[in-house]
Amino acid sequence: MRGRNLAGPVIDRLAAAPHKAFAGSAAWQAHLAALGLDQLAVEPNPVRIATEGAMWGAIRHHGFLADTVVVSDDAGQFRIGEHALCWVHAERLVHKLIPMTSDQRQAVDIMRQLIWWFYRDLKSYQADPCPRRAAALRARFEGLFKRRTGYVMLDRLLARLHRRKHELLRVLERPEIPLHTNGSENDIRAFVTKRKISGGTVSEAGKNARDVLLGLMKTCIKLDISFFRYLGDRLGIHAQPPIPPLADLVRQAAQA
């Protein structure tokens, strides 16, 4: 809540209240109303920020993401818990620079090549991690992002990326995580495409139907199951062997 700039007096009210755990949304909203937070016409919205904080607190309390690393493109809403940065988005910042001279263009080209070489070696490390290679990669990172090229905008960007060292090098501690967000962006692309075509849904029921069916479809694709066969099985059309619950198949795939 402090990180989202919620007012100090509001946080103090929440901290001083004796109740810290709630059975559900209704109990939480009643608690906020009793503290008068729903009457505060200020920004950021105290109810929204406090609710987001409470949801994250519940996730942590129940251990739902105890061993999870959130890999993101650095959008603020994903910068939670143990966080790692997408290398493709990091390199894209360098690619987006607009050099004005041949020296600046050369500096950008060299830097991009060095980043992709480093990225290739991170992928190699994932296949065969060891402490010695991790130490060498950390040392290379220091040399790579502390370079001074003479192109002011590029040097500022490199310094900015260097400040995010721990998130960019999270893979050295957790070699099983992806180096990019391509998989999750592909998962959400169907939602974005539908929104562009139809402008979204007009009711809560429509939103739930869209989200559930698209989620099931993506899960079937990942499990190499025909989505239409899955629907037929759940609707009672048993022309082929029955399909087990998707949750069981996901667990089996994760163990494999």
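**Buried cysteines, a buried arginine and a helix pair**

Cysteine 86 counts as buried, at 2% relative accessibility, where buried means under 20% relative accessible area, exposed over 50% and partly exposed in between, for a 1.4 Å probe and protein chains only. Cysteine 220 is likewise buried, with a relative accessible area of 0%. The number of disulfides, each defined as a pair of cysteine sulfur atoms within 2.5 Å, comes to zero. The model is predicted, so that local features need pLDDT of at least 70 and side-chain atom pairs count only at pLDDT 80 or more, while totals for chains, interfaces and linings use all residues. Residues are numbered from 1 along each chain as its sequence is written, and side-chain values use heavy atoms, with hydrogens and water left out.

Arginine 170 lies in the loop between helix 8 (165–168) and helix 9, helices being DSSP runs of H or I with at least four residues, numbered from the N terminus. Arginine 170 is buried, with a relative accessible area of 15%, and, when residues up to four places away in sequence are not counted, it touches Val69, Glu82, His83, Ala84 and Ile177, contact meaning heavy atoms within 4.5 Å.

Helix 9 (residues 182–198) packs against helix 10 (residues 204–222) at an angle of about 145 degrees, with the axes 10 Å apart; axes are lines fitted to C-alpha atoms over the stretch in contact, and angles run from 0 to 180 degrees between N-to-C directions. In this pair, Asn186, Asp187, Ala190, Phe191 and Lys194 of helix 9 meet Arg210, Asp211, Leu214, Lys218 and Lys222 of helix 10.

How values were computed: Helices (H or I, at least four residues) and strands (E, at least two) are DSSP runs, numbered from the N terminus.
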